[in-house]
Amino acid sequence: MSQMIKPSEASKKRAAQRVERAKLDSSATKWGAGFITKLVLMGIVNALGIFIIFTAFGVGSLTLGSLMVVLLLALDWVYFSRRTLALKYLAPGLVFLLIFQAFVIVYTAYIAFTNYGHQHTLDKQTAIESILLQNSSQRVENSPQYPLAVVEKDGELGFAVIDPEEKVLKAGTEKEQLSEVAGKFSGTQITEVSGYTLVPLSELGARQDEVTQLRVPISNDPDEGAIGTQTGTVGYQFISTVKYDADADTMTDLSTGTVFTANEETGFFEAEDGSTINVGWRVVVGFDNFVRGFGDSRYAQPFFQVLVWNVIFAFMSVVTTFLLGMALAIVLNDERLKGRKIYRTLLLLPYAFPSFMTAFLFAGLMNRSYGFFNQMLGLEIPWLTDPTMAKVSVILVNLWMGFPYMFLIVTGALQAIPGELTEAAKIDGATSFQVWRNVTLPQLMISLTPLLIASFAFNFNNFNLIYMLNGGGPRMSDASVPVGHTDILISMVYKIAGLTGEAAPNYGLAAAMSLVIFLIVGSVSLYSFKKSKSMEAL
């Protein structure tokens, strides 16, 4: 009988081994090339993180800056601690998950409870400054003339002026106050401005309205006004025709004497007669967006119609692509078929072609007047203009785009099914259909159900196909918002958000609906995964 090691001796042996490994790790930590590489990489990460922190605090985003500080400290602790081996491998994935998933969901949820949208894109302080700047239309009497040149920076127009008192060159844009810059000027002629591009006088005629309406703030103090011009060569000091009273939180129109009081519920400066100044700010509105989205008939009626079609579209997309892909995979899995590699390669070509280009291509092929399909058939089939036919067309196009993926995954799953199962079924006298129904399909569903659930979730939000093929059309005639018969929820939200230019932007309402879509897809996916686990246990 071999000699048994006592528990106490085994414990001592393991402790000694840990000490030896710690010494090796310590030596590698101090002198190893891996540690130096880690230092360099973490130095880059910290430099990037510090840059983001200072940028966030510089623009007043305290929340983002604070979160970045916590994240950076956590990463340093993970990669310089000896007790976080597992986290060293998990940290990159967790960081990307937090940034691209968790943060997006949380921020969307926040926007859903605000009035963020048309006339409400700014915070209150920025909105006040914007109102004062936009109303800088009154020229200050006896103000000096500023020799001026129109400049451009990062796609934004600005002014470069020669300060008549300090005799220095200053430049700025609507978003950046005048500040001293390097450059060259002689007398009243400005020939070079560092960091800016001079706009030639020959181009000013075409951009006259843009130039004459431009105001560049003189300083951080809105009361000092801004520089404006009528000629593009001489600037004057303009002050606002409205005045802000910080103590009373009111705006007064100096020309009419009308007083506008800040309304924190609507995010507008409002007068007693209900009129408002056209620039507002973001405020929390609670569940107003949800009430409007599902209580206002303008949105509720098309929403539920679109929801029903969305479910049908996602379900039919999965069923049709899976059945066709499976049928082709079973046929090409037969070893008696010659040239299987060539056929498989050809069947994967639609999957290799960019999806948005495929949608564009079919939009041309299905054109009612000059599309290839109608010209070949000699008919005028309303592929994309009739509500019912458009839905059928969308499913057919998605079938062409999606079956190669199903063909690919089913082909792989078929290779994993033991051949003994099908052979035993055939020996027992089962027909080909019975083999497929009782052996092949159950085995496929066990391994492919999670992928089918993911495919359903993808098609539920298949924005590219809907938008690129026919823009969600044809439009619903009984809807007061720009929604079409083939729109799915995500494309409807895109239109409601005002990104197509058909409606005023309403990001708060769009975020509320996006949150509902997330809950719907998440709930369906969670339920389906639970059912798939119960099926695996059978």
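## Domains

The C-alpha centres of domain 2 and domain 3 lie 55 Å apart. Domain 2 covers residues 138-240 and domain 3 covers 293-537, while domain 1 covers 34-112; these bounds come from an automatic or database domain assignment.

The model is predicted, so local features need pLDDT of at least 70 and side-chain atom pairs count only at pLDDT 80 or more, while totals for chains, interfaces and linings use all residues. Residues are numbered from 1 along each chain as its sequence is written, and side-chain values use heavy atoms, with hydrogens and water left out.

## Strand β2

Strand β2 spans residues 146-153; strands (E, at least two residues) and helices (H or I, at least four) are DSSP runs numbered from the N terminus.

Two strands pair if DSSP finds at least two bridges between them. β2 is joined to β3 (residues 156-162) by 6 bridges, and the two run antiparallel; L148 has V161 as its bridge partner in β3. The β2-β3 hairpin has 2 residues between the strands, and D154 there takes a positive phi near 55°.

β2 also pairs in the antiparallel sense with β11 (residues 234-239) over 2 bridges, where Y146 stands opposite G235. With β8 (residues 197-198), β2 again forms 2 bridges in the antiparallel sense, and V151 stands opposite L198.

## Helices

Over residues 507-529 the chain is 100% helix, with end C-alpha atoms 32 Å apart. Over residues 307-333 the chain is 96% helix, and the end C-alpha atoms are 38 Å apart.

Notes
Buried means under 20% relative accessible area, exposed over 50%, partly exposed in between (1.4 Å probe, protein chains only).
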